Amino acid sequence: MILKGLEISNMGVNCYIVGCEETKEAAVIDPGGNPKGIKRLLDEEGLKAIYIINTHGHIDHIGGNQGLQEITGAKIMIHQKDAKMLTNAVSNFSFLMGGKVTSPPADKFIKEGDIIKVGNTVELEVIEVPGHSPGSIALKTGDIIFSGDALFYGSIGRTDFPGGSYKELITNIKEKLLCYDDEVVVYPGHGPATSIGFERQNNPFL
């Protein structure tokens, strides 16, 4: 598996590229902005983006959807409960930043248990972890979890936005993520990578 990441500086969001070594097809997870920079990284690795996967619908995770889709033709995927955020600047909170940024609508809705196949060698399992937003998801492949804004290094996602729930998020993290082995690496939507074991032992919210 090819794994690359870049921080979208104006938003501080981690965008991840997951690619198949055989077919060179790739999925881009949470392109919060800078579509040209993402495309450059894809080109450097000889990858073709076929999917854009949003772990949830907030502006910092979807801001680059439109530009990236225009230059790659990749299909946009998101959970149905966050789908309206793609096309509504109020729902995705971009209006709070003095602008109205939207995304094309989803090409496909994804839900718990779905397997997103990228080329011949990569399978991303969808895990529903609502609480930060109603449609928040994580993605698992092998011993790696892309946790979106559910679980961070030493912290958890905010729950004070409309549709957020602290109780729901904590329950989902414990039941859906901490069930995995300590060695599983967690790549969050913001900040440094961590592991299930570290968070199990050290995260003050858990």
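**A hairpin and its sheet**

Visitor: Which residue takes a positive phi in the hairpin of β7 and β8?

Guide: Gly 119 does, with phi near 65°, and the hairpin has three residues between its strands. Strands here are DSSP runs (E, at least two residues), and helices are runs of H or I with at least four, both numbered from the N terminus. Keep in mind that this is a predicted model, in which local features need pLDDT of at least 70, side-chain atom pairs count only at pLDDT 80 or more, and totals for chains, interfaces and linings use all residues. Residues are numbered from 1 along each chain as its sequence is written, and side-chain values use heavy atoms, with hydrogens and water left out.

Visitor: In what sense do β7 and β8 pair?

Guide: Two strands pair if DSSP finds at least two bridges between them. β7 and β8 (residues 122-128) pair in the antiparallel sense, over four bridges. One place to look is Val 118, whose bridge partner in β8 is Val 122.

Visitor: What is the order of the strands in the sheet?

Guide: Follow β7-β8-β9-β10-β13-β14: this is an open sheet of six strands with mixed pairing. β7 (115-118) and β14 each have a single partner strand, so they stand at the edges, with one side of each left without a neighbour in the sheet. For a parallel pair, look at β10 (residues 144-148) and β13 (residues 185-188), joined over four bridges. There, Ile 145 has Val 186 in β13 as its bridge partner.

Visitor: Which residues of β7 lie on its covered face, and which on its uncovered one?

Guide: In a regular strand, side chains alternate between the two faces of the sheet. In β7, Ile 116 and Val 118 form the covered face, while Ile 115 and Lys 117 form the uncovered one.

**Single residues**

Visitor: With which side chain does the side chain of Thr 194 make a polar contact?

Guide: A polar contact is a pair of N or O atoms within 3.5 Å; within protein, one must be able to donate a hydrogen and the other to accept it, and residues adjacent in sequence count only if both atoms are side-chain atoms. For Thr 194 the partner is the side chain of Glu 199, at 2.5 Å. A plain contact asks for heavy atoms within 4.5 Å. Leaving aside neighbours within four places in sequence, Thr 194 has such contacts with residues including Phe 152, Tyr 153 and Val 185.

Visitor: Where are Lys 24 and Asn 34?

Guide: Lys 24 sits in the loop between β2 and β3, and Asn 34 in the loop between β3 and α1. Neither is glycine, yet phi is positive in both: near 65° for Lys 24 and near 50° for Asn 34. Lys 24 is partly exposed because its relative accessible area is 34%; Asn 34, at 39%, is also partly exposed.

**Cores and the whole chain**

Visitor: How many residues has the largest nonpolar core?

Guide: A nonpolar core is a set of buried Ala, Val, Leu, Ile, Met, Phe, Trp, Tyr and Cys residues joined through side-chain atoms within 4.5 Å. The largest one has 22 residues, and Ile 17, Val 28, Ile 38 and Leu 42 have the most contacts inside it. Among the elements that each supply at least two of its residues are β1 (2-8), β2 (13-19) and α1 (35-44).

Visitor: How many helices and strands has the protein chain?

Guide: Six helices and 14 strands. Of its 206 residues, 52% count as buried. The radius of gyration is taken over C-alpha atoms, and the globule rule is 2.2 Å times the number of residues to the power 0.38. A compact globule with 206 residues would come near 17 Å, and the chain has 16 Å, so the two agree. Its C-alpha trace spans about 40 × 40 × 30 Å along the principal axes.

Conventions. Buried means under 20% relative accessible area, exposed over 50%, partly exposed in between (1.4 Å probe, protein chains only).
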